[in-house]
Amino acid sequence: MTSPTNYQDWQQKLYDKPWLCVLLLACAHILSRVAISSGMKWDESEQILWAQTLSLGYGPQPPLYTWLQWVVCQVLGPSVLALAVLKHGLIALTYCLAWLAGRQLLNAKGAWWVAAGLLLMPPFGWDSLRDQTHTVMVTAMTMGLWWAVLRQVRSPQPSNFVLIGVFCALGMLSKYSYAMLIAALFVASMSVGQVRSALFAKGWWLAPVVGLLLVAPHAWWLALHWGMATTETVQKMSISAEVSHLKGLGNLGKALISTMGLWLIAVGLGYRSKLWTAASSLPLPERSWALALLQRYLLLVIACLLGMVLLADVTDFKQRWMLPLVAIAPLALYVWRPALLEPGTGKVFTGLVLVFALIFLLMATLRPWQGGRKNDPDELNHPVKELAAQLRSAGYDGQGVIVGSDHMIAAMLHSQFPASYALGCTDGHLLQQCLAQAHAPTGAPLLLITRADRPALNWWDGVKAVLPQHAAPQALSIPFEKMPASATPAQYQYLRVVP
């Protein structure tokens, strides 16, 4: 049996060396993702297709994630491995930046708990494993900005302003909603004397100059493509003058609770009566200004969200929108209640974090088998490698352009035929427009393909209208992976068009 002293030593090593924990967790998830399936989900597929080219913009999302994905794909190819390495590298970076932010104000144990709090927020701890990209990126930049700001207040120097400018710019290049975070943090900072003085210390101008220089190229693109970049986001927010504010407030409450609920439950179970102990034997020299900054920032965020409901008639809120705005809540908790950091506290909380880290890893690994259990296959059950093998046997050499009836089947095949150019086109009647908008090579051979589990109605009728001289598509039937033998196999139709 482990003695209390040995347990305390082990726990202290856990807090003092968080990098090892983060590295092990990231590697485990990368190995798991590569092993379980060659299929790709919605956001993953978008990245594989967008990363075929470098551009100043890629539609409704800022381009930073795709730029990084392009770099990784140059090294590892357009593959599941490339997706997993970037995704889990950014998740690991987020934990590290959260730890660094926490370390500006707290001891090693407190900083570990600040980072671990993110794992207990389902939009980060779980949803980021399933199929998130830009949310992961913007959360990393959020924690980076907090680290840079807190670092500047504690130890003012011009180099910190460069960091602030970099994180502001990279955050805006991750998600446009990052502007709300910057605004709330700036206003909260200006209301706290010590913070205000630090942010206008010698060299303050470096932050806006560096930030604007980094954002300028994409801002120019955004000005030319404003409608394309904003329409989808406005639709998702469900802005309408004919809605009930109660519905908007209810959805906002649900989004906040679902984002922080698990973490709050873990906090309640992990610290119990200590939560109501304000006094502490551990001195926090920075507590006065830090608590004021964190509390005012969170109040401003809540005020902005309420304003969106009451003044702008927003009715729909997503967990992933809430995450970057409230990701700093764990740091605020420990600054508010330093008694939680005293020796001997938080063993249950640490245990819950480790348990959920393993649960989320197991859940992520078992995802393809969930389709078999429910007899409802999804993209992770698609026999991508076998489909590619049968297409090769039928004479397809992997050259030219792959056009899928959805972007997921196109991306999955592009991962098997990296020499191709792939795109999704949901309407066969718009085949030529899709090829032109995607800047696909003109005159190249085409491979047109659909899948039965995501039907595109009248897709082949549209293709026939555009390419009347070509034969009817051929069919393939291949068993889904990780599904019972009795399950209906995957059905595909494809047509090769050689000029």
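The model is predicted, so local features need pLDDT of at least 70 and side-chain atom pairs count only at pLDDT 80 or more, while totals for chains, interfaces and linings use all residues. Residues are numbered from 1 along each chain as its sequence is written, and side-chain values use heavy atoms, leaving out hydrogens and water.

**Exercise 1. Describe how helix H9 packs on helix H10 (residues 158-172).**

Step 1, the elements. Helices (H or I, at least four residues) and strands (E, at least two) are DSSP runs, numbered from the N terminus.

Step 2, the geometry. The axes of H9 and H10 lie 9 Å apart, at an angle of about 160°. Axes here are lines fitted to C-alpha atoms, for helices over the stretch in contact, with angles from 0 to 180 degrees between N-to-C directions. H9 and H10 are therefore roughly antiparallel. The classes are: under 35 degrees roughly parallel, over 145 roughly antiparallel, 65 to 115 roughly perpendicular, and the rest oblique.

Step 3, the hand. The crossing of H9 and H10 is left-handed. That term applies if the near helix is turned anticlockwise from the far one by less than a right angle; clockwise gives right-handed.

Step 4, the residues. On the H9 side, the contact (heavy atoms within 4.5 Å) includes Val 138, Met 141, Trp 147 and Arg 151. Among their partners in H10 are Phe 161, Ile 164, Phe 167 and Leu 170. Sorted by class, this contact has 12 nonpolar, 4 polar and 1 charged residues. Ala, Val, Leu, Ile, Met, Phe, Trp, Tyr, Cys and Pro count as nonpolar, Asp, Glu, Lys and Arg as charged, and the others, Gly among them, as polar.

**Exercise 2. Work through two further helix pairs: H3 with H22, and H11 with H16.**

Step 1, the first pair. The axes of H3 (residues 42-50) and H22 (residues 407-416) come within 8 Å and cross at roughly 60°. That angle makes H3 oblique to H22. The crossing of H3 and H22 is left-handed. Trp 42, Ser 45, Glu 46, Ile 48 and Leu 49 of H3 meet His 407, Met 408, Ala 410, Ala 411 and His 414 of H22. The contact of H3 with H22 holds 6 nonpolar, 3 polar and 1 charged residues.

Step 2, the second pair. H11 (residues 178-190) and H16 (residues 287-310) have axes that come within 8 Å and cross at roughly 135°. H11 is therefore oblique to H16. This crossing is right-handed. The contact includes Leu 181, Leu 185 and Ala 188 of H11, with Tyr 297, Leu 300 and Leu 305 among the residues of H16. The contact of H11 with H16 divides into 13 nonpolar, 1 polar and 1 charged.

**Exercise 3. How many cavities of 30 Å³ or more does the structure hold, and what lines the largest cavity?**

Step 1, the count. There are 3 such cavities. On a 1 Å grid over the protein atoms alone, a cavity is a set of points where a 1.4 Å probe fits but cannot get out; a pocket is an open set with protein on both sides within 12 Å along at least five of seven lines, and lining residues have an atom within 4 Å of a point.

Step 2, the largest cavity. Its space is about 130 Å³. Of its 18 lining residues, Arg 33, Glu 44, Lys 87, His 88 and Leu 129 are the closest to the centre. The lining has 6 nonpolar, 8 polar and 4 charged residues.

**Exercise 4. Which residues lie closest to the centre of the largest pocket?**

Step 1, the space. The largest pocket contains about 1,400 Å³, where a volume is the space filled by probe spheres set on grid points joined across faces, edges and corners.

Step 2, the lining. Glu 46, Trp 50, Tyr 58, Gly 59 and Pro 60 are the closest to the centre, out of 45 lining residues. H3 gives the largest share, 5 residues. By class, this lining has 17 nonpolar, 18 polar and 10 charged residues.
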